[in-house]
Amino acid sequence: MTIKGTSLLLLPVCLLAIAPAGLPPYAMTLLTEALILGLFAMSLDLMVGYTRLLSFGHAAAYGLGAYAVGNLLLHTAIPLVFAIPLAALFSGIVAIGVAWVCTLASGVSFSMLTLAFAQLLYAVAFKWIAVTGASDGLAGIPRSPGPFGITFFQSRSGFYYLVLACLLAAFLFCRSLVQSPFGAVLRGIRENEAKTLSLGYNTRRYKIAVVAISFTLGGLAGALYAPFAGFTNTELLFWLFSGQVLIMVIVGGAGTLIGPIIGAAFFMLVSNLLSSWTDSWALFFGAIFILFVLFAPQGIWGLATRWRSLSSTG
Amino acid sequence: MDFLGFLVTQCLNALSQAALLFFLGVGLTLIFGIMRIVNFAHGAFFMLGAYVGYSAVYVTGSFWAALIAAPLLVGAFGAIFELGILRSLYKRDHSAFLMVTFGLTLIMGEAIRLLWGVAALDVPTPKSLSGIVFILDEPFPIYRLFLIGAGIVVAIAIWQFLERTRLGLLIRATSQNAEMVHALGTDVRLVRSAVFGIGCGLAGIGGVFAAPLVTASLGMAPNAVIDTFVIVIIGGMGSFAGSLIGALLVAFVQVFGTYYFPDLALALMYLLMLTVLVIRPGGLLGKEA
């Protein structure tokens, strides 16, 4: 599977690598944002798809990363390429505390605690003007050059390659993570937590770890978004955004890593198509989401792989 | 300022707030108790209640008509949603419900925006309940006193309904052992639809009660759903008395927190929930989660 999986991966990666040569600037901007959202959705998949920790507050990870990188880039001279991982790490460290609290509960209560935490951050962001700029947000976030005067990542295509590299690295990391013994324990928690616990695994510690990893990667996505867009605002912490990313994961296919990336691209594509003739994207996405949960809980990627295995056997 | 008067009016304030929160919490906990599902759209039903209430007041000119029409319409909508969509999900795990009702929240929020517009809508306080009374020389709105009364009446009504009526008996039995009730010849699916409708209707009536205080606005749903879940988590999922205690605790923390620590009011509510979860993970009156 691994070798076959890697070779399957080669084609889309090559296509994405040569994309800047062929695509107009507007499409490049959309593609960059889709990749950032893909990274964000994939980070949530570790929790939702592999551990069945249904988070309604994943926007917190994104917002933490975005505001952290915004402050680093605005107030210090740290180069972009160092600020981004630092911000991601910050998000992950905060997540350890959050996860410690949220994993006191399980199931539905866990979901609600994540939502409550994200809304709390949202409320804080509104009040803490010095750090977040309140409702105005942070504007004019630069893509600071360096180290050694490297300015490659300041250009549109340079930044795109940075995003692509982050996504690819994160994907390879996540894939090896879910295939490792650690990943096996996560799946054990997903299928039967009591059993996993009785096998001697401290499931709560595993859950805290996966939340922290998921927040680090989600924070990475947010940290990429802020210098990409040049601004942050409180929308990035709002519960609707948490909902959107959950939709990307489920519609794309939870528990597959690839699926959520496809879900994010699908989300970007459809919302761009929809926005040309309606601004009621929530209406359609709500309906699409319900239809997927009802009739295709395995998501787009799940449908695609099933279709492929059917056509290869039949 | 007279401290005793201040204390009494703040307590009354908190009680009226508790009444509103109780309408939300008890509906959610009823639904959870019997169906083991969590209705994320509960806040959206609350919001729908406020908007339907606005329209009912606008059309009939009577707040009392709104108080009857809104829960009926919202409850009927909830029951139809249960019949049409949720029913097919009982064999799936609980996350499916959470996600479907989340999708419903998105749809309802957008539909309400399309139907009623973006602007917050002001529902006037009924004439007979507007104005203030003086309690220990402190002014206090009559409408809030009315809310306290309404909360008490509804709490007693639900309690008596669950204890004394046949449907109440079936609801309690189903929450204990649904299969046995089914085997004894009652269509449990109908009980579930009814309970989902009743729970949503209670959220709807809460929306109407809240509308004169907070205006009907699109921000209602997420705030309401979070408050509701905090209440139910504190009180214990599925416990009627728990939702009452949870509503009281949260209301007092909200009212006094806003007064003494305005910047930390929200955090205090979560701190309360956290403390309860650490001491009793299943909530104060809930079974161990």
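Modeller: What follows is a short exchange on the fold, a helix pair and the chain contact.
Modeller: This is a predicted model, in which local features need pLDDT of at least 70 and side-chain atom pairs count only at pLDDT 80 or more, while totals for chains, interfaces and linings use all residues. Residues are numbered from 1 along each chain as its sequence is written, and chains are lettered from A and ligands numbered from 1 in the order in which they are written.

Biologist: How many helices does chain A have?
Modeller: Helices are DSSP runs of H or I with at least four residues, and strands are runs of E with at least two, numbered from the N terminus. Chain A has zero strands, and its helices number 14.

Biologist: At what angle do the axes of α2(A) and α7(A) cross?
Modeller: Axes are lines fitted to C-alpha atoms, for helices over the stretch in contact, with angles from 0 to 180 degrees between N-to-C directions. The axes of α2 (residues 25-48) and α7 (residues 156-179) of chain A come within 10 Å, and they cross at roughly 20°. That makes α2(A), relative to α7(A), roughly parallel, a term for angles under 35 degrees.

Biologist: Which helix gives the most to the side of chain B that touches chain A?
Modeller: Counting residues whose C-beta atoms, placed from the backbone, lie within 7 Å, the contact takes 32 residues from chain B and 30 residues from chain A. Helices α4 (94-116), α9 (220-235) and α11 (265-279) of chain B each supply at least two residues to that side. With 15 residues, the one that gives the most is α4(B).

Key: Angles under 35 degrees count as roughly parallel, over 145 as roughly antiparallel, 65 to 115 as roughly perpendicular and the rest as oblique. Two residues are in contact if their C-beta atoms, placed from the backbone, lie within 7 Å.
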